[in-house]
Amino acid sequence: MSLGNPLLPEPAEIVEKRSYGPSIHAYRLRLLAPDARPRFDFVPGQFNMVYVPGVGEVAISISSDPDDETLEHTIRIVGRTTRVIDGLGPGDVLGLRGPYGSGWPLQEARWKDVVVVTGGVGCAPVTGAIDYMFRRRANYGQLTIVHGVKKPSDLIHRERFESWRRQADARVLLTTDQPDRAWRDRSGVVTELFEEIEFDPSRTVLLMCGPEIMMQYAIQNLRRRGLSSDRIFLSLERNMKCAVGLCGHCQLGPEFVCKDGPIFRLTRIERLLFTRGL
Amino acid sequence: MTGAKPAPAQFLARADLQRLLDALRARGYRVIGPVPRDGAVVFDEIRAVEELPRGLREAQEPGRYRIEANGRDTFFDVVNGPGSLKPYVFAPREELLQIEPDGRSFRAQETLPDAPKLAVIGVRACDLAALAVQDRVFLEGRYPDSHYAARRPRLFLVAVNCTRSASTCFCVSMATGPEATQGFDLALTEQEPGFLVRAGSPAGEEVREALPLAPAPAEALTRERSSLERCAATMQRRLDTADLPGMLYRNLEHPRWMDVGARCLSCGNCTMVCPTCFCHDERDEPLLGEPDEAGVRSVRVREWDSCFNRDHAQVFGLNFRPKIQDRYRQWLVHKLGSWIDQFGTSGCVGCGRCITWCPVGIDLTEEVPALREPGG
């Protein structure tokens, strides 16, 4: 057994499970080996392969702050492996390997205004980055967070959105397609909020994650208003088996989304991104 | 291929070819060679030269492969079959990890392959080029593959220069053949009286010294040059590689994709016979047998996959390449275009297997020129 084999999962115990409705849970994980945590140092936006022994692996972004001792993964129950994860809770042990891929450009965004646009469970890959910026608030300019969900019950990490909203000098816009009576925020699709966002294209960086159709619309809108492609970053989702650029599934043109992404600067993938069937 | 001309050739009499097999076996190699089986020539273990496809050649066309007598006493007149070196370095199915319960936790351990010394006889220049492509894919990235790395140095390669091409060959266009100029331990050129033999590595030199070799007659060397030149000059298929990645990227919406998508069965044969395709699946499989008290042990298995499989690009019920034309485009654009961006080399070596073994005879040397034509 060679140390550092990129395919070897590391046992990690679930120490907390927060449920957002029946099919989305945020798991806090603590690596069992006392010396393992430094190997999992990550940049927000990177992901781990989350492993259920004997069942399989799924690629899940890390939704916690990089300074936290525990690692958080927000997991939507959609397939064979995640259905097993659905039944697990504190005390159960999963495997982790990673971190893999690229992170959000948190250094490049320093001293700039940051607009975050997310949809649905797509907020999870950015939550760690937002926490990171708030903890280093003086390093960043205006923060604008725009997040849309289909139904109010799809709003995950609500407590984080609320805490960001309470901060001075930050704007948080939430919207849902199907508001219920308890919903206090906007209604409509997330793209309808773009006209409300004020930004100075010369000092703004855009971070996006969500359905590609949402990102496509956001790109059109914000570029028309002067934001250049090299200031736009987006996180992509593709089928991933190995996470090390070898199994071939996650390719988008020349890019292996697992290792060249999942966070891309738009200029790098512009010619490919919205070609159907690629 | 570029590179200096290999060492001077010597002559091995036809009757002494068995001595080569014996010399390799004496050095602990399992010897693999082309053997006729089930209507094709495939690679398998051999002990005697009689097992080689003696006096046979193959006729290859898009979607067609037939073995026939050539009326001559030859061992290596069959250019190739569906098999390449790929399975000997990148196994079609293998275990990567063993996972066993450990209390409420688990222990995962890497399982490295048992990599026997293998000598492969009858390797073509295109196959050597494909192995060089695979070396880049599996060994030169940030995470070198430990299984490939275990097997690769155990190979001893006896190349055979091509003095005849199949109708589906286009190695000249891909600059990979028909002559093996690098990457082999020994190279043979077959002629009626025997073989011209060259060593391409210290291991090859050592084996060569064990053979009953004579100086190569000047006439044989002249004949070798002219036969290689004739093979290159008469190659029937060509592929214009000029601006290939750029041309493909500019034509992602070309109507030809729909046309070829309508003919393609999405069976994945082309990716299985391709000597460079590396897509694979990874999954956990429980080990059969009685679970012990600790629970069920399992293995992480990897198995060749294909970008033509329906779920290759599927995630969360969302399929990024739902149509066959999407999957053919992925394969061709990757093979001839984005492969160069990823690995600094084309993924195609011009062996023509994808043409022959396509059940409906789709021919990438026809698809590429069609994509160069204005669409609409």
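**Entry 1: where the chains meet**

I began with the contact between the two chains of this predicted model. Chain A brings 34 residues to that contact and chain B brings 41. I then sorted the side of chain A that touches chain B by residue class, and I got 17 nonpolar, 13 polar and four charged residues.

One residue I looked up here was A:His249. I found A:His249 in the loop between strand 12 (232-235) and strand 13 (251-252) of chain A. Is A:His249 buried or exposed? With 26 other C-beta atoms within 10 Å, A:His249 is buried. Leaving out neighbours within four places in sequence, I listed its contacts: A:Arg238, A:Asn239, A:Met240 and A:Lys241 from chain A, and B:Cys279, B:His312 and B:Ala313 from chain B. I also checked A:His249 against A:Val121, which is 128 residues away along the chain; their C-alpha atoms are separated by 22 Å.

**Entry 2: a second stop in that loop**

A:Ala243 also has its place in the loop between strand 12 and strand 13 of chain A. I noted a positive phi of about 75° for A:Ala243, although it is not a glycine. A:Ala243 counts as buried, because I find 25 C-beta neighbours inside 10 Å and the cut-off for buried is 20 or more.

**Entry 3: domains of chain A**

The domain assignment gives chain A a domain 1 (10-100) and a domain 2 (113-235). Their C-alpha centres lie 24 Å apart. Domain 1 of chain A puts 13 residues into the contact, and domain 2 of chain A puts in 12. On the domain 1 side I read five nonpolar, six polar and two charged residues.

**Entry 4: chain B as a whole**

I turned to chain B and found 12 helices and 16 strands in its secondary structure. Its C-alpha trace spans about 70 × 65 × 40 Å along the principal axes. How does the radius of gyration of chain B agree with a compact globule? A compact globule of 376 residues would come near 21 Å, and chain B has 22 Å, so the two agree. Of those 376 residues, 44% count as buried. I also looked at contacts in chain B between residues at least 6 apart in sequence: 72% of them join residues at least 24 apart.

**Entry 5: domains of chain B**

Chain B is divided into domain 1 (10-90 + 112-233) and domain 2 (244-279 + 305-372). I read 27 Å between their C-alpha centres. The contact takes 26 residues from domain 1 of chain B and 24 from domain 2 of chain B. Which element gives the most to the domain 1 side? Helix 3 (residues 125-139) of chain B does, with eight residues. That side divides into 15 nonpolar, eight polar and three charged residues.

**Entry 6: the core**

The largest nonpolar core has 174 residues, and those that touch the most other members are A:Leu206, A:Leu207, B:Val120, B:Val158 and B:Ala159. Helix 3 of chain B turned up again, giving the most to this core with nine residues.

I counted 17 of its 20 residues as buried, so helix 10 of chain B is largely enclosed by the rest of the structure. Just after this helix, B:Gly344 takes a positive phi of about 70°.

I logged a cis peptide bond between A:Gly261 and A:Pro262, with omega about 5°. A:Pro262 sits in the loop between helix 5 (257-260) and strand 15 (263-265) of chain A. In chain B, the bond from B:Gly177 to B:Pro178 is cis, with omega near 5°. B:Pro178 lies in the loop between strand 9 (155-160) and strand 10 of chain B.

B:Ser266 has a positive phi of about 60° without being a glycine. I placed B:Ser266 in the loop between helix 8 (256-263) and helix 9 (269-273) of chain B; with 18 C-beta neighbours inside 10 Å, B:Ser266 counts as partly exposed.

My last stop was B:Glu192, in the loop between strand 10 (186-190) and strand 11 (194-199) of chain B. B:Glu192 counts as exposed, with 10 C-beta neighbours inside 10 Å. B:Glu192 and B:Gln109 are 83 residues apart in sequence, and I read 53 Å between their C-alpha atoms.

Notes. Residues numbered from 1 in each chain as written. Chains lettered and ligands numbered in written order. Predicted model: local features only at pLDDT ≥ 70, side-chain atom pairs only at ≥ 80, totals over all residues. Domains from an automatic or database assignment. Contact = placed C-beta atoms within 7 Å. Nonpolar A, V, L, I, M, F, W, Y, C, P; charged D, E, K, R; others polar. Helix = DSSP H or I, 4+ residues; strand = E, 2+ residues; numbered from the N terminus. Rg over C-alpha atoms; globule rule 2.2 N^0.38 Å. Buried ≥ 20, exposed ≤ 12 C-beta atoms within 10 Å, placed from the backbone. Core = buried A, V, L, I, M, F, W, Y, C linked by C-beta atoms within 7 Å.
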